[in-house]
Amino acid sequence: VDRRDGGGVTALLAALGGLSAQAALVGGVAFLRIGAAMALLPGVGEAVVPARVRLALALAFTAVVAPAVFASIAPRTGTAEALLACLATETLIGLALGLVLRLAVLALEIAGTIAAQAASLSQMFGTGGEPMPAISHLLVVAGLALAMMAGLHARIAGALILSYEVLPPGAFPDAATIRGWSIGHVTHAFAVAFGLAAPFVI
């Protein structure tokens, strides 16, 4: 029996075991950002979506995103201190991304509220779990349906992958950058809302 073959197989199994452990750590770190964003993302993060479905979607997005950002996350999984840092930074970054993308839904709700006030329909509530005018509920449901049909899930996965280039794992985002980024998106959301509601106001 050639002992060298046995030694090669053992080394291969050890290498595969180490790679699997590192892949699990990378997946866990990626899940921190994706899971936090999933709570606020439009469409998949709605209150009407059951928690188990959102968890399954978060795992599915992790399976798609983690291999693409393996090289960015792997250096951050070497020590316990780095993993603890990722626990805080990745959750914060995920919430920030989800909130910014959530502004698209908030813009539709604001537009519907303005239109309802102008059309004296502000007391008609929707059925989405939170009181809102019927026009807001119609705009939100229609907008989310069109977005999902247009491939919103693929765009979300792409945005999550690109986020690792702008906001690297393990580092807190720059406050000035986040402030400017947030103000710009909020301004744009209100501009879109007023533009959609303008025909009802004029």
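This is a predicted model: local features need pLDDT of at least 70, side-chain atom pairs count only at pLDDT 80 or more; totals for chains, interfaces and linings use all residues.
1. Largest pocket. Its volume is about 710 Å³. The lining comprises 30 residues, and P42, V100, L101, A104 and L152 are the closest to the centre.

2. The lining of the largest pocket is made up of 23 nonpolar residues, six polar and one charged.

3. Surface patch. V186, F190 and F194 make a nonpolar surface patch of about 270 Å². F194 sits in helix α7. Its relative accessibility is 49%, so F194 counts as partly exposed. The cut-off for exposed is over 50%.

4. Salt bridges overall. The whole structure holds two salt bridges. Each is taken in turn below.

5. R33 and E90. These residues form a salt bridge, with the closest N and O atoms 2.9 Å apart. The pair links distant parts of the chain: R33 belongs to helix α1 (residues 3-38) and E90 to helix α4, 57 residues apart. R33 counts as buried because its relative accessible area is 0%. E90 is also at 0% relative accessibility, so E90 is buried.

6. E46 and R102. Their side chains meet in a salt bridge at 2.6 Å, N to O. Here too, distant parts of the chain are linked: E46 lies in the loop between α1 and α2 (51-68), R102 lies in helix α4, and 56 residues separate them. Are E46 and R102 buried or exposed? Both E46 and R102 are buried.

Notes:
Residues are numbered from 1 along each chain as its sequence is written. Side-chain values use heavy atoms; hydrogens and water are left out. On a 1 Å grid over the protein atoms alone, a cavity is a set of points where a 1.4 Å probe fits but cannot get out, and a pocket is an open set with protein on both sides within 12 Å along at least five of seven lines; lining residues have an atom within 4 Å of a point. Grid points are joined across faces, edges and corners, and a volume is the space filled by probe spheres set on the points. Ala, Val, Leu, Ile, Met, Phe, Trp, Tyr, Cys and Pro count as nonpolar, Asp, Glu, Lys and Arg as charged, and the others, Gly among them, as polar. Patches are made of residues with over 30% relative accessible area and no salt bridge: like charges are joined within 9 Å, nonpolar side chains (Val, Leu, Ile, Met, Phe, Trp, Tyr) within 5 Å. Accessible areas come from the Shrake-Rupley method with a 1.4 Å probe; for residues, only the protein chains shown count as cover. A salt bridge is a side-chain nitrogen of Lys or Arg within 4 Å of a carboxyl oxygen of Asp or Glu. Helices (H or I, at least four residues) and strands (E, at least two) are DSSP runs, numbered from the N terminus. Buried means under 20% relative accessible area, exposed over 50%, partly exposed in between (1.4 Å probe, protein chains only).
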